[in-house]
Amino acid sequence: LLSMSMWLDSLSVLTTEWRLVIAILVCVLAGQAVIGWGLQKLLGDSLTSSERLALGLAGWAVPASLLSLIWYFTGFDGLFWILPAALILALIFRLKTDPKPAPVSTNLFLLLFLFLSILFRLVSASQATFPLYFDSAQHYSLIKSILASEAGGTFAFSLTSYYHLGFHFLSAFIASITQAEITRVMLILGQVILALIPFPVFFLVRNETKSDMAGWFALLLSAFGWYMPAHAVDWGKYPALMSLGLIPFVLSLAYLISQQKSELAIKKRWILYGILGISAVLSVFTHSRSLIVLGIVFIAWVAVTWLEKRLRRWMSLAFTLV
């Protein structure tokens with residue numbers, strides 16, 4: 001009975017907020033398609049289609065956030081239609097030129113997992129009127145300020161004192177397109193972000209092990225391996241969660257570049273460096289504390305690279321100290 005009630009609650013959200021849900025899904029799928037198409041063009045057959053699908057779902061917010069910033073400074077709502085157009089074109093090009101397709105079952109599993117996860121997460125938005133966190137009112141006021149100052153590109157004074165605005169610009173963009181209530185945009189976009197966070201784990205495990213089964217298992221564990229209490233599911237820390245989804249994308253992209261830089265043409269390498277830099281900046285723009293995480297990983301990477309060139313006893317000493 002509880003399970004049936006859960007799905008009914010989720011379907012009620014879809015019924016009442018279908019326009020908002022579709023707009024968010026268009027942002028996600030178009031962002032994924034653009035990222036996946038770019039990876040295919042730049043890295044060729046080094047990644048399977050399932051790996052590009054998972055990594056694209058990790059980095060979907062990069063194209064969507066860039067478009068939301070362009071929207072803010074132009075005030076042109078018609079920019080939204082770039083997303084479905086990009087989705088259609090990317091799908092056409094990918095179907096024609098996919099150099100290394102994955103088994104159909106793997107891609108179907110990922111897509112089915114995505115939509116079921118979103119349905120599962122939408123339950124939390126069915127009866128909540130506001131994200132249950134003390135920062136929620138602040139997030140609401142920031143999105144409202146962006147909507148009020150949009151179209152002229154006048155940066156509202158209240159925004160200049162805040163240090164992570166990526167989620168707010170994207171929310172304002174979606175609210176402007178759909179004419180939805182800001183609180184509903186915050187709740188539903190936040191739940192979709194929660195559903196997307198585990199997908200980088202599939203990419204990392206699948207890329208290292210070359211095993212679809214290992215990637216599936218890792219995805220299931222990262223999504224449902226522990227129970228997130230209701231107050232945490234509904235919290236208002238969506239900027240942190242959105243950044244948490246972008247950090248693995250940035251790290252995965254850096255890892256791919258380091259693996260294949262000797263095989264890449266100089267032009268492609270610099271394009272990838274540019275995408276990496278933009279993604280890192282957007283991750284920090286979404287939540288400034290991601291800079292600390294990226295900094296720690298960078299220091300660790302430099303330290304390990306240095307240690308690998310030293311004698312084995314240095315490696316043993318470093319391992320013992322850690």
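Predicted model: local features only at pLDDT ≥ 70, side-chain atom pairs only at ≥ 80, totals over all residues.

Student: How many salt bridges does a search of the whole structure find?

Tutor: A salt bridge pairs a side-chain nitrogen of Lys or Arg with a carboxyl oxygen of Asp or Glu within 4 Å. Here the search finds three.

Student: Which residues are linked in a network of salt bridges?

Tutor: The network comprises Glu51, Arg206 and Asp212. Arg206 meets Asp212 at 2.6 Å, N to O, and Glu51 at 3.4 Å. Glu51 belongs to helix α3 and Arg206 to helix α10, 155 residues apart.

Student: Is Arg206 buried or exposed?

Tutor: Residues under 20% relative accessible area count as buried. Arg206 has 10% and is therefore buried; Asp212, with 17%, is buried as well.

Student: What does the salt bridge between Arg184 and Glu17 tie together?

Tutor: The two side chains meet at 3.1 Å, N to O. Arg184 is in helix α9 and Glu17 in the loop between α1 and α2, so the bridge joins parts 167 residues apart in sequence.

Student: At what angle do the axes of helices α2 and α14 cross?

Tutor: They come within 10 Å and cross at roughly 150 degrees. Angles over 145 degrees count as roughly antiparallel, which means that α2 is roughly antiparallel to α14. The crossing is left-handed.

Student: Which residues of α2 meet α14?

Tutor: Lys41, Leu42 and Leu43 do so, facing Lys268, Ile271, Leu272 and Ile275 in α14. By class, the contact has five nonpolar, two charged and no polar residues.

Notes: Residues numbered from 1 in each chain as written. Heavy atoms only, no water. Axes fitted to C-alpha atoms, helices over the stretch in contact; angles between N-to-C directions. Helix = DSSP H or I, 4+ residues; strand = E, 2+ residues; numbered from the N terminus. Parallel < 35°, antiparallel > 145°, perpendicular 65-115°, else oblique. Left-handed = near helix turned anticlockwise from the far one by under 90°. Contact = heavy atoms within 4.5 Å. Nonpolar A, V, L, I, M, F, W, Y, C, P; charged D, E, K, R; others polar. Buried < 20%, exposed > 50% of the residue type's maximum accessible area, 1.4 Å probe, protein only.
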